[in-house]
Amino acid sequence: MDWGKKNRLSQIIKPDTGRTVMLAVDHGYFLGPTHKLEVPEETITPLLPYADALMLTRGVLRNCVSPETSVPIVLRVSGGSSIIGDDLSNEGITTSMEDAVRLNVAAVALSIFVGSDYEQQTLMNLAIIVDMAEEYGIPVLAVTAVGKELGKRDERFLSLSCRIAAEQGASFVKTYYCEDFEKVVGSCPVPVVIAGGPKLETELDSFKLAHSAIQKGAKGVDFGRNIWQNPNPIGMIKAIRAIVHENASPEDAQRIYDENK
Ligand code: R5P
């Protein structure tokens, strides 16, 4: 791997543990001012010291995050549809690589919608972004979208999506946890991180999700709502960090959460 690309990826996936706790706050790109991200700065700023990387759009980055931060940025560069539009899968490339370089990002991220009407378009978006990003040594994170209209959120569908993303040149992949998750990781030749999805009922559910994913080979998490929609977001991210970087059990994580209330 080119030095610059490897260096950027090492800012995200920490070399001492080989893992990462990414904080996803990009939801507004199709959801608008979603619950607890109405004023992004208020949600993001207190969590920054505990995030190994921050995933967001250029609009929130420029307007709501201090340029003095040392947290590596994973910039979402796909979008173009909204929650009230016809089809969420209809995404294009929203940001040039020159702007990503201006923003000094550690990686760029975009979604692919395997199984949708826009499968080919979004896979071609990935191919184009990989070509553009390779010019500058910037890693690409492919996000494997799931949805009712797409394949089932199971091992076969997620293995298919992750593998296609890697084949198209993604440097790492973000997907969802499922049964037999080790098969998803095992058939994907690049690191896999998991999204949290909508907020789970209890903290322990989130801890179990993160723990199972890590034990089955995930290189980390890219959690959003399960951290910042929780009433104790700092306790959440500290507990998740212990699972990811110290192999803490879900019960240990619960103790850390409770101690940080
Ligand atoms: C998904 O495409 C969004 O970009 C989010 O970054 C992702 O879903 C992770 O956030 P959450 O843990 O809230 O699902």
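Lys-238 is part of helix α11, which spans residues 233-246; helices (H or I, at least four residues) and strands (E, at least two) are DSSP runs numbered from the N terminus. The model is predicted: local features need pLDDT of at least 70, side-chain atom pairs count only at pLDDT 80 or more, and totals for chains, interfaces and linings use all residues. Residues are numbered from 1 along each chain as its sequence is written.

**Surroundings of Lys-238**
- Lys-238 counts as partly exposed because it has 17 C-beta neighbours inside 10 Å; a residue is buried with 20 or more other C-beta atoms within 10 Å of its own, exposed with 12 or fewer, and partly exposed in between, with C-beta atoms placed from the backbone.
- Not counting residues up to four places away in sequence, Lys-238 touches Tyr-50, Ile-256 and Asn-260, where contact requires C-beta atoms, placed from the backbone, within 7 Å.
- A C-alpha separation of 7.1 Å is found between Lys-238 and Tyr-257, which are 19 residues apart along the chain.

**Barrel**
- Eight strands form a closed barrel with parallel pairing, in the order β1-β2-β3-β6-β7-β8-β9-β10; two strands pair if DSSP finds at least two bridges between them.
- Strand β1 (residues 20-24) pairs with strand β2 (residues 53-56) in the parallel sense over 3 bridges, and Met-22 stands opposite Ala-53 in β2.

**Nonpolar core**
- The largest nonpolar core has 84 residues, and those with the most contacts inside it are Met-22, Val-74, Val-108 and Ile-240; such a core is a set of buried Ala, Val, Leu, Ile, Met, Phe, Trp, Tyr and Cys residues joined through C-beta atoms within 7 Å.
- Helix α11 gives the most to this core, with 7 residues.

Terms used:
Two residues are in contact if their C-beta atoms, placed from the backbone, lie within 7 Å.
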